[in-house]
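The exercises below are to be worked with the sequence and the 3D structure in view. Try each task before reading its solution.

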Amino acid sequence: MLDPKPSATRRIPIVIATVVVGGLAGFAALYGLGLSRTPSGDPTCKPAVATAQRIAPLAHGEVAALTMASAPLKLPDLTFEDGDGKPKKLSDFRGKTVLVNLWATWCVPCRKEMPALDQLQAKLAGPNFEVVAINIDTRDPEKPKTFLKEANLTRLGYFNDQKAKVFQDLKSIGRALGMPTSVLVDPQGCEIATIAGPAEWASEDALKLIRAALGPAAASL
């Protein structure tokens, strides 16, 4: 009769290997969940993703660099100040679609983009849409105001954050990689689309895309 011990012995490495592989698989699953976790899975943001999918064919020409939202993402409730130094929050604009733009006077592409944003505000601003351009100059608070005045950019409201926390808040969710940064946000505070870099916001391409994002609300624009 053959000794059964060698067979049992051979089974030990197999059992150990199974345990190790199972443990690694479990670790990988947990680690994978951490990597794939989206900043927000808020169900209230599903309509924003649907809007992004609907207007995606219009992201061409002057707005071809826009990245459409592919997963529900509610933006942080960004905090900043208005021209009178009063505190403002992104949630103050609930109920309307907004184009949040971060700019600074030391950013050459930002300065070049501002006239187009001013024209966009002039053409589409109203109860359903607003350009919220937030300046993040951290030194001389009068410099951005002077720039807007000298460039005759009078349509845009003045908002600023001298601590540049709005940039860090958007960077923390992967939505601010450089300057300028713009995020098209739906009435619930959810991402529709994001762009890193400037765009010709007063172009017909941009106007068509934003009107499409507004849907029926754009009928009077």
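**Exercise 1. In which helix does R111 lie?**

Solution. R111 belongs to helix α3, which covers residues 108–124. Helices (H or I, at least four residues) and strands (E, at least two) are DSSP runs, numbered from the N terminus. The model is predicted, so local features need pLDDT of at least 70 and side-chain atom pairs count only at pLDDT 80 or more, while totals for chains, interfaces and linings use all residues. Residues are numbered from 1 along each chain as its sequence is written, and side-chain values use heavy atoms, with hydrogens and water left out.

**Exercise 2. Describe the chain as a whole.**

Solution. Begin with the elements: the chain has six helices and eight strands. Then put them in sequence order, which gives α-α-β-β-β-β-α-β-α-β-α-β-β-α. Last, take the burial: of the 221 residues in the chain, 42% are buried. Buried means under 20% relative accessible area, exposed over 50%, and partly exposed in between (1.4 Å probe, protein chains only).

**Exercise 3. How many aromatic pairs does a search of the whole structure find?**

Solution. The search finds three aromatic pairs. Rings of Phe, Tyr and Trp (its six-membered ring) pair if their centres lie within 6.5 Å; planes under 30 degrees apart count as stacked, over 60 as edge-to-face and the rest as tilted.

Step 1. Take F80 and F159: the ring centres are 5.6 Å apart and the planes stand at 80 degrees, so this pair is edge-to-face. F80 is in strand β2 (residues 79–82) and F159 in strand β6 (residues 159–160), so the pair links distant parts of the chain, 79 residues apart. Both F80 and F159 are buried.

Step 2. Take W103 and F147: this pair is tilted, with 5.8 Å from centre to centre and 45 degrees between the planes. Because W103 is in strand β4 (residues 97–103) and F147 in helix α4 (residues 142–150), the pair ties together parts 44 residues apart in sequence. W103 counts as buried at 1% relative accessibility, and F147 counts as buried at 18%.

Step 3. Look for a cluster: F80, F93 and F159 form one.

**Exercise 4. Compare N152 and A164: is each buried or exposed?**

Solution. N152 has a phi near 60 degrees, a positive value in a residue other than glycine. N152 is in the loop between α4 and β6 and counts as exposed, because its relative accessibility is 56%. A164 also has a positive phi, near 55 degrees. A164 is in the loop between β6 and α5, but A164 is buried, with a relative accessible area of 15%.

**Exercise 5. Where is L177, and what separation do the C-alpha atoms of L177 and A196 have?**

Solution. L177 is in the loop between α5 and β7. L177 counts as exposed, at 73% relative accessibility. The C-alpha atoms of L177 and A196 are separated by 6.6 Å, and these residues are 19 residues apart along the chain.
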